[in-house]
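Here are my notes on this one, written as you asked. Have a look at the fold first, then read on.

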Amino acid sequence: MTRQKILITGASSGLGAGMARSFAAKGRDLALCARRTERLDELKTELSQQYPGIKIAVATLDVRDHEQVPKVFSELSDQLGGIDRIIVNAGIGSGARLGTGKLWANKKTIETNLVAALVQIETALEIFTKTGSGHLVLISSVLGNAGVPGVKAAYCASKAGLTSLGESLRAEYARGPIKVTVIEPGYIESEMTAKSNSTMLMVDNDTGVKALVAAIEREPGRAVVPRWPWAPLVQLLRVLPPPLTKPFA
Ligand SMILES: NC(=O)c1ccc[n+]([C@@H]2O[C@H](COP(=O)([O-])OP(=O)(O)OC[C@H]3O[C@@H](n4cnc5c(N)ncnc54)[C@H](OP(=O)(O)O)[C@@H]3O)[C@@H](O)[C@H]2O)c1
């Protein structure tokens with residue numbers, strides 16, 4: 001099935017912008033949102049020139065503004081004439097080592113990556129329930145499978161929570177009509193990873209996004225991308241004693 005009308009949150013940079021470019025090249029219509037509107041406008045101009053046949057709608061959205069999420073999704077859906085796939089991608093990688101008095105930093109990470117994702121999920125389900133179908137994609141992380149020492153503790157927790165929500169949704173909608181996919185990316189170049197200490201096994205944005213989009217198009221329940229070397233590493237992460245997870249932090 002071709003999902004023609006695709007909404008992506010966090011589309012102003014990194015994986016979100018990469019997925020927008022890749023789906024545009026496949027002739028899909030796009031609804032793109034993020035806080036940095038000027039970035040979205042530039043992306044819209046670029047893609048409209050390259051692919052004049054597709055529709056592109058953009059909107060400013062801070063996903064932590066819980067009242068705005070349904071409003072913006074609904075406006076974007078109206079502009080495209082419906083939405084077939086929603087990619088919950090907006091996220092941040094910041095945080096602080098637990099116990100250093102920076103609750104605000106870790107709280108922000110969990111509010112953005114998990115609580116705001118829940119709001120996007122509820123909104124997506126409402127839209128898809130009304131239309132009777134749709135593909136919900138959650139961009140989690142390989143780090144949802146482990147705890148690590150240092151600044152990524154809240155990030156790991158947020159992604160473990162998101163993966164768990166996705167697994168519950170897969171159980172809930174096992175017989176349809178809504179399809180749910182949890183994507184667990186390994187390390188892919190983006191603005192987020194540019195700020196990270198961990199460059200281990202990092203792939204460039206094009207390579208990562210290509211694997212990401214191919215996995216999304218297959219619509220599996222759950223996928224680790226890029227598959228090699230991350231699929232076996234995820235199995236390792238799940239059983240590794242916590243003190244040994246440091247290289248992934
Ligand atoms: N790159 C990786 O290696 C990797 C690995 C695993 C998982 N992921 C996940 O992939 C997703 C995209 O990350 P990325 O690597 O592409 O990082 P990125 O380049 O920093 O992109 C993050 C995107 O999220 C948006 N965003 C952040 N906070 C937001 C908010 N409050 N409201 C709306 N949009 C917000 C940003 O847009 P604005 O700042 O314009 O709002 C930006 O478009 C994240 O969920 C991340 O956890 C990435």
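1. A crossover counts as right-handed if, with the strands pointing away from the viewer, the path from the first strand over the helix to the second runs clockwise. Helices (H or I, at least four residues) and strands (E, at least two) are DSSP runs, numbered from the N terminus. With that in hand: β1, helix α1 (residues 14-25) and β2 form a right-handed β-α-β unit.

2. Some ground rules. This is a predicted model, where local features need pLDDT of at least 70, side-chain atom pairs count only at pLDDT 80 or more, and totals for chains, interfaces and linings use all residues. Residues are numbered from 1 along each chain as its sequence is written, and side-chain values use heavy atoms, with hydrogens and water left out.

3. Now the sheet. Two strands pair if DSSP finds at least two bridges between them. The open sheet has seven strands in the order β3-β2-β1-β4-β5-β6-β7, with parallel pairing. At its edges stand β3 (56-60) and β7 (222-225), each with a single partner strand, so one side of each has no neighbour in the sheet.

4. Strand β1 deserves a look. Four of the five residues of β1 (residues 5-9) are buried, so the strand is largely enclosed by the rest of the structure; buried means under 20% relative accessible area, with a 1.4 Å probe and protein chains only. On one flank, β1 runs parallel to β2 (residues 29-34) and is joined to it by five bridges, with Thr 9 opposite Cys 33. Three bridges link β1 to β4 (residues 85-88), also parallel, and there Ile 6 has Arg 85 as its bridge partner.

5. Further out, β2 and β3 pair in the parallel sense over five bridges. Cys 33 turns up again here, opposite Ala 59 in β3.

6. Which residues lie nearest the centre of the largest pocket? They are Gly 91, Ile 92, Gly 93, Glu 191 and Met 192, out of 47 lining residues. A pocket here is an open set of points on a 1 Å grid over the protein atoms alone, where a 1.4 Å probe fits, with protein on both sides within 12 Å along at least five of seven lines; lining residues have an atom within 4 Å of a point. α1, β2, α4 (103-131), α5 (153-172) and α6 (191-194) each supply at least two lining residues.

7. The second largest pocket is lined by residues including Pro 70, Phe 73, Glu 126 and Lys 130. Two or more of its lining residues come from each of α3 (68-80) and α4.

Key:
Buried means under 20% relative accessible area, exposed over 50%, partly exposed in between (1.4 Å probe, protein chains only).
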